Every structure is written in C-alpha cells, then in structure tokens.
Amino acid sequence: MSSKFYDVIVVGAGPAGSYAAYELASSGHSVAVLERKSAPGLDVCCTGIISTECFDSFGVSPEVVLAKVNSAKFFSPSGKWFSLKTEKVQAYVVDRASFDLAIAAKAKTQGADYFLSSRVSDVAINRDEVQIEALCSRLKEVFRARAVVLATGFKPKLTQRLGMGKIKHFLIGAQAVVETKHIDEVEVYFSQEVAPSFFAWLVPTSEDKASVGVISSYHARLYLKKLLASLASQGKVIENEVEIRQKVIPLGTLPQTYGDRVLVIGDAAGQVKPTTCGGIYFGHLGAQMAAEVLSQALRSDDLTATRLSHYQKAWRAKIGREISIGYRARQLYGKLSDQRIEQIFRVIESYGIAESLLKSPDSSFDWHSKQILAALRRSLFNKLSPLRREEAPRAKSRD
C-alpha cells in the first residue's frame, strides 16, 4: 500500500485529468495522477483541433501548435463542395502528445505526483476514504485519498459499478497520419457511404502531413481504409497503407457524475460535443468546475454526494444545453440519405446560408446550439419543403 495519503487521486492523465490535477494542486491540495500509459498523450486518436478560446483557457505554449485554421472545404456525397474562409484564425491544430505533456508538466510544477504505467483495476469508495488498486509496472499498489476524480475516457463498466449509470450510445472514431500533396486547408466529407451517421475529414498538420479520419456508428476502420484509397486515387494522399488508431466516443451524458467522494469528468462523463465529437474543451470546462467544487468540499471536509452534486448542476448549466441540442441535431443527420444531404448542400449554396451563419454574432467554433437554431430560423427546412413534395409522388408510385 502506498504510504502517502492524498487529498485527491485523479485517474487518467488526458487534458481533462491533468487540468483538474493542476487546478487542485494550485489550490494547495495534495494530488496524485494515475495513468495507464507510459506517458501522457501516447498513442492518442485525436485530430487535435481546438478553438482559440480553448487554447487560451488552457494556457499552453504556442510551441505545441502544428497549424492554424481559418478555412475549410465541405464536400457533398457527389463531390461538390463549398468553401468557408475568415481572416481571423478560428482554431489551432495541436500536437496532442505535446499538448497533453504540457498540461501534465503544469500540474507537476504545482506539486502533483504522476504514476505512469499504472492501470487502475478497482475503485472502492469507503466511509472515510477512497482506495484505488492499480498495477504499477506489474506490481499491485493500493493508493488512498480523501476523494477521486475519474478522467478515464469512455469506461462504462467502471461508472456503472460505482452506481452512476452508463452512457448507452457511442460512435467509433478511426484516424491515421498520412503524407499529402497540395492540401492547404481542412476538408470535411459528408456521405452515408463515406461515414455512416457522421462525417470524415482531412486536416493538414504541415506542408506534407495530414490527419485523415472517420467517425461512424460502425466499421470505422473499414470506412477509413476506403476513404484513404479514394484520396490516394485523387492524388491527395501519397501512401494509404498506414497505422490506424481507433477510439470509442460517447454520445449523451452520464446520468450521474458525482457520488460520495467521487466526481467524473471529460469523456467519462460524456462532456463531448455531439456535433463534432470534440471533447477537449468541454472536458476542460468540466475539469475546472470539478476542481472548484471539490476544493471547497475538501476545505469544509464535506465530501458527501449531496455536496458534490453542485458539480453536476454547474456543468449542466454551462454545457448541458449544447450537448442536448447537438445530440438531437446529430440524430436527425444520421437519418438522412445521401440524396437528402445533396439537396441540403444545394440549398445552403443557393441561399448563402453558410456564409450568413459564419458572419452571425452567434458563430462559434465551440458553441453550436445557437447556430443550429439559427439555421432553423433561416428556414433551411422550409426551403427544402418543395423537395419533399417532389419526393412524395415518387414514393406513392412505388407502393
């Protein structure tokens, strides 16, 4: 059994876990971080696109930035496309390994202890403490603390075992790093044949490198291989036989993200944008709120579920509506045929909807609910109603 008794143990050294550790350690609490990998950011499956707002809030050095994003091309199922561009930088592409290491380094400077190659096998919430069993370099260790923060990524069995329920729906993300030719802006592909229920992307990270990925409800690796072959045939990708990494991405939120002596943050809590499956910024916001609530609870020595429930109220007030509206929008998109997606592209281009939304004060890289509602107010679906009427007679004739 580890001899040191901590105020908080954070399980997981991703951006959310390390930022929570940083905030808690900065407030004077003793913190340990347990990470199953040998280093933070190792073998991640993430494009690393974050908004300028997100990047600034983490306070990370610009040295981790691979590229700046101010334009993107959006491709319909038939290959037609439109481009959106702004003078102002909208997002950064960061090197995820360096990004994660930088946040962990900040936590360490505040006194957080990191235990790498430490795979947690059990979490026991007792009356007076939390006990966590972990295999540390193949040796069993038991860590003790007053409270625990779970930043484990999508691990439904653990949260269910702790009585917090589970996130029932998820998608699969698959990504590879490739060599490219003449790719100087982000490309996004919409087609149920390319990425069922979601989309695919090509994101340049340097003059001759890019991340190519697919998010899908099933067989993401297979669809990514097909996309790589297509991009290679177009001359965009030089080599399509590359290493592919996969990740499970939660859709929807955990029913309960608090309990006696425990809080859940990041992907484990479902703090993910359903519209893009990006979890870095929402996980960061969750980590901030968790650290604030937990710090106050530690000082008052009240680590009951009732006291820690303020965390769930806080994060739901901040990002719950975004996740809910984004989830519904994603469900609607998942039901569209490629024909319908093609029609929507034509309407967007004909009526200049994308440009008007981009110029709107509601335009945001992170906050999508206002943009979704604005699209409805601009009668996108009303403009499609003549197309629906055209389809009705054809559907009738097939009966």
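Trainee: Which residues in α1 and α6 meet?
Mentor: On the α1 side, Ala 16, Tyr 19, Ala 20, Glu 23 and Leu 24 meet Gly 283, His 284, Ala 287, Gln 288, Ala 291, Leu 294 and Ser 295 in α6. Contact here means heavy atoms within 4.5 Å, and helices are DSSP runs (H or I, at least four residues; strands are E, at least two), numbered from the N terminus.

Trainee: How does that contact divide by class?
Mentor: The contact of α1 with α6 has 7 nonpolar, 4 polar and 1 charged. Ala, Val, Leu, Ile, Met, Phe, Trp, Tyr, Cys and Pro count as nonpolar, Asp, Glu, Lys and Arg as charged, and the others, Gly among them, as polar.

Trainee: Before we go on, what kind of model is this?
Mentor: It's a predicted model: local features need pLDDT of at least 70 and side-chain atom pairs count only at pLDDT 80 or more, while totals for chains, interfaces and linings use all residues. Residues are numbered from 1 along each chain as its sequence is written, and side-chain values use heavy atoms, with hydrogens and water left out.

Trainee: OK, at what angle do α1 and α6 cross?
Mentor: Roughly 35°, with the axes of α1 (residues 15–26) and α6 coming within 8 Å. Those axes are lines fitted to C-alpha atoms over the stretch in contact, with angles from 0 to 180 degrees between N-to-C directions. Also, α1 passes α6 in a right-handed crossing (the near helix is turned clockwise from the far one by less than a right angle; anticlockwise is left-handed).

Trainee: What about α1 and α3, left-handed or right-handed?
Mentor: Left-handed. α1 and α3 pack at about 20°, with their axes 8 Å apart. By class, the contact of α1 with α3 has 9 nonpolar, 1 polar and 3 charged.

Trainee: And how do α6 and α7 run, parallel or antiparallel?
Mentor: The axes of α6 (residues 280–300) and α7 (residues 305–334) come within 8 Å and cross at roughly 165°. That makes α6 roughly antiparallel to α7. The contact of α6 with α7 divides into 13 nonpolar, 4 polar and 3 charged residues.

Trainee: Switching topic: how much space lies in the second largest pocket?
Mentor: About 400 Å³. Of its 19 lining residues, the closest to the centre are Cys 46, Gln 175, Val 177, Ser 211 and Arg 245. On a 1 Å grid over the protein atoms alone, a pocket is an open set with protein on both sides within 12 Å along at least five of seven lines, a cavity is where a 1.4 Å probe fits but cannot get out, and lining residues have an atom within 4 Å of a point.

Trainee: Which element gives the most to that lining?
Mentor: β12, with 3 residues.

Trainee: And what lines the second largest cavity?
Mentor: Phe 154, Lys 155, Pro 156, Thr 159, Ile 167, Leu 254 and Ala 268. About 30 Å³ of space lies in that cavity, a volume being the space filled by probe spheres set on grid points joined across faces, edges and corners.

Methods:
Parallel < 35°, antiparallel > 145°, perpendicular 65-115°, else oblique.
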